[in-house]
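User: I'm new to this one. Can you walk me through a few spots?

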Amino acid sequence: SWETEGMQQRENAKNPKQALQVRQSSLSAWQIGARTAGPKTVHLKSAQKHEKEKQQSASEQAGSSTQNHLEQALTYFERGKSNYIPLRKNEVLQKHLATVESIALQRGLSPEGLNVLLNVALSGHLVNSRILKCLIPASVIAESSVVSAVSWLCVGKCSGSTQLLFLRWLIAMFDFIDHKEKLHALYGFFFCSLQDEKLCPYVCHLLYLLTRRESVSIGFSLLFFMVHILTLFFFFQGMQPHLQALLSLYKLFCPELVSITLPAKMKTYFKNSESLWKAAINTIRRRNQGTSPTSQQLILGTGHPQSRKRKWNTQLILPACSTDTNNPARSKEINHVDILSHSESFPVEQLHTFSQLLQNIHRLEFPSQMGSVLRNSLLLHYINCVKDESIYLRLYYWMGQTLQEECTWYKLDNQQYEEEFKDFLDIVYKTECFLQEGFSSCEEFLYKSLPLWDGFCCRSQILRLVSWIPLSSFSEMKPHLCEPLAQLFFTSSLYFKCSVLESLKELLQNWLNWHVMQLDIESDPKISPLNTTLSGLLNSVAELIHFVGWISTVALRLENNATFLMYFILDFYETVCDVYLKYNLPLLVMPPPGVFYPALLSMDSVSLNQLCYIMYRYRTNLVAAKENELIKKTILQFKFSSQTYQEYNQYIMAMVGCLWTSSAFQKDIHPQGIRLDPEVLKKTRVQEVRSSFNIVHHPALMGYAILFLQQAWPEDKTLNFNLIKGRRWNWYLEYLYMQGLQGLKLFIESSINRVSQVSQTKSGNVQV
């Protein structure tokens with residue numbers, strides 16, 4: 001069709017009249033309904049279809065050729081003819097080895113291929129290290145292949161470096177093994193390998209992944225022997241993190257057998273064992289995730305830290321929860337048969353509904369690598385309901401390891417993967433919100449990373465994680481959190497300052513909510529009395545409020561009392577002023593003068609209205625506390641100091657003097673207030689200086705006064721503010737209330753008796 005069209009164009013070039021007729025006929029056909037476009041479109045679609053089929057056929061031929069090369073290579077290795085021929089002198093070996101490496105990195109190896117190559121690598125082959133480095137599974141790893149590979153360790157044909165590399169591979173591929181029952185049966189064998197000093201860290205890591213509550217139910221005498229051996233290693237080798245990790249698990253399951261005191265702070269227990277394979281695994285997993293709907297549903301989240309070199313890595317991927325996701329038939333069979341059985345454990349890959357969670361919550365078997373649970377709401381429900389310390393221990397370890405390895409400002413190589421790290425931090429934050437609990441591993445990460453943070457990279461994610469820092473002693477938080485955060489706060493933009501204040505407000509709210517939850521469970525006899533921790537909570541909350549007050553005072557000076565900044569500062573104190581009544585915490589901290597007076601003299605009505613509401617809530621809380629003291633008629637362990645009442649009264653006198661009695665510069669008695677000598681006021685030469693900040697002349701309310709005068713006396717163009725007095729003063733107040741200044745209304749009606757009486761009696765004959 002294309003050749004015919006070309007010949008027709010050449011003929012038209014020779015005969016212009018005929019060409020004109022062709023163009024006219026084409027135009028008329030287009031006007032009628034694009035009749036000439038039909039055949040052309042058909043030819044185009046036919047050509048595209050032919051080209052697509054041609055490409056698909058070429059792709060199938062290439063795939064078939066690649067598969068044939070791989071089968072030849074596996075057959076070659078399985079026969080074992082090249083065990084003693086050096087690699088440089090064996091071109092056939094080089095060819096097959098290159099084939100296996102290329103295919104493994106591109107699409108992974110089948111379970112059968114992994115079985116062959118594992119036996120070759122651990123049977124003393126000259127290229128065993130290169131073979132182990134390319135053992136990337138395309139789907140799953142057969143448990144029988146792993147058990148067979150472990151048996152080669154008993155023969156003694158592989159060197160210590162090969163054994164170490166195999167253990168690293170086994171740790172990295174742990175969640176790809178389809179079953180682990182036979183592997184759990186080898187627990188004692190792996191434990192005996194702890195005596196090898198080089199293998200010990202990796203054996204501990206493997207045992208850490210294998211250890212379950214059933215693992216320590218092997219008999220008291222045997223478990224006592226294992227703990228005794230670990231304790232001896234612990235004393236001889238020192239405070240090694242890998243030994244500490246394993247002992248901490250044993251202590252959770254059998255605390256009576258582990259008598260030594262372990263450090264309470266979490267730390268990085270194990271070195272990264274996955275750097276050789278992780279990036280390639282993620283590449284293959286992403287490809288499978290895009291092509292397989294089943295695997296896409298079951299791949300729930302992020303795995304261990306990725307390669308530092310990141311040769312193939314382009315995204316941070318979480319490991320699949322399931323270990324047998326590529327066999328839908330078997331999964332369907334399991335769902336219909338095994339769910340109704342009464343087996344000892346219930347694998348998480350079979351968990352799909354909330355009802356299944358409720359039915360099997362007592363026998364749920366979690367994945368050994370805990371990153372899988374972050375995007376699974378059912379597993380998060382389980383963690384929230386069943387307080388299993390071993391699960392938290394595994395989750396904290398994995399998360400701390402991942403945060404340290406993936407932090408974009410720790411290592412220069414990670415900077416190009418900032419977006420992936422942001423996504424991971426978002427997942428962690430959402431998990432904390434779901435559990436309503438901060439992770440100690442995130443706390444440690446923040447304490448280590450904030451001194452190196454530039455305040456720009458992953459800003460919103462880091463500040464949101466700050467809001468979930470667990471409650472602890474403020475003296476520990478100050479050098480690690482407050483000092484580096486304050487340095488960034490003072491030297492950064494207005495937007496960054498507001499973001500930090502919002503984060504610290506959420507941190508305070510999370511601490512207070514934790515306190516409320518502790519009050520709810522205080523009656524439980526298993527819970528220690530709250531009074532033992534209330535003093536520490538009061539100190540930490542008070543110190544946090546004082547810290548925010550200090551940085552807010554400095555920030556207002558740096559930003560010239562910016563209205564946007566003032567909103568976030570007063571929003572923080574809206575939480576502070578209600579701590580006693582809303583959160584049942586006997587604490588009230590007044591805002592510093594550097595915050596109170598700029599808000600009182602602000603030119604923005606929103607800030608003034610916020611301040612009035614805050615002072616109203618302070619009064620409500622203080623009155624309730626005083627009444628509570630009088631009702632109980634006893635000396636309470638925690639009560640507000642007289643300094644709090646005194647400072648509140650000083651602020652109230654300043655506000656009433658400004659907004660109502662027009663005597664702010666005379667009656668303000670606060671040491672840092674706005675009191676001025678009469679001689680100084682005369683030198684200002686300001687007319688009616690005494691009334692310059694009442695509700696009529698206040699810069700924040702003068703706009704409302706102008707509108708009120710224009711509506712009340714439209715014919716008067718002079719805008720005489722002296723007209724607003726007596727009964728008109730009360731009318732003006734009602735006008736302000738109608739404009740939405742409810743904070744001002746609550747403050748005036750609660751703090752000024754005469755106006756509250758007028759509002760209640762609705763009489764307008766009171767003179768002011």
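User: What should I know before we start?

Analyst: This is a predicted model: local features need pLDDT of at least 70, side-chain atom pairs count only at pLDDT 80 or more, and totals for chains, interfaces and linings use all residues. Residues are numbered from 1 along each chain as its sequence is written, and side-chain values use heavy atoms, with hydrogens and water left out.

User: OK. Where is I469?

Analyst: I469 sits in the loop between helix 22 (459–466) and helix 23 (474–491). Helices are DSSP runs (H or I, at least four residues), numbered from the N terminus.

User: Is I469 buried or exposed?

Analyst: I469 is buried, because its relative accessible area is 3%. Buried means under 20% relative accessible area, exposed over 50%, partly exposed in between (1.4 Å probe, protein chains only).

User: Which residues is I469 in contact with?

Analyst: Leaving aside neighbours within four places in sequence, I469 is in contact with E443, L446, Y447, L481, L507 and W511. Contact means heavy atoms within 4.5 Å. As for L446, 23 residues from I469 along the chain, the two C-alpha atoms are 8.8 Å apart.

User: New topic. At what angle do helix 18 and helix 20 pack?

Analyst: Helix 18 (residues 377–385) and helix 20 (residues 418–435) pack at about 50°, with axes 10 Å apart. Axes are lines fitted to C-alpha atoms, for helices over the stretch in contact, and angles run from 0 to 180 degrees between N-to-C directions. The two helices are therefore oblique to each other. Under 35 degrees is roughly parallel, over 145 roughly antiparallel, 65 to 115 roughly perpendicular, and the rest oblique.

User: Which residues meet there?

Analyst: S377, L380, H381, I383 and N384 in helix 18 meet T431, F434 and L435 in helix 20. By class, that contact has four nonpolar, four polar and no charged residues. Ala, Val, Leu, Ile, Met, Phe, Trp, Tyr, Cys and Pro count as nonpolar, Asp, Glu, Lys and Arg as charged, and the others, Gly among them, as polar.

User: And what about helix 33 with helix 34?

Analyst: Y704, A705, L707, F708 and Q711 in helix 33 meet R728, W731, Y732, Y735 and L736 in helix 34. The contact has eight nonpolar, one polar and one charged residues. Here the angle is about 115°, and the axes are 11 Å apart.

User: Last one. Where is Q356?

Analyst: Q356 lies in helix 17 (residues 354–359). At 12% relative accessibility, Q356 counts as buried.
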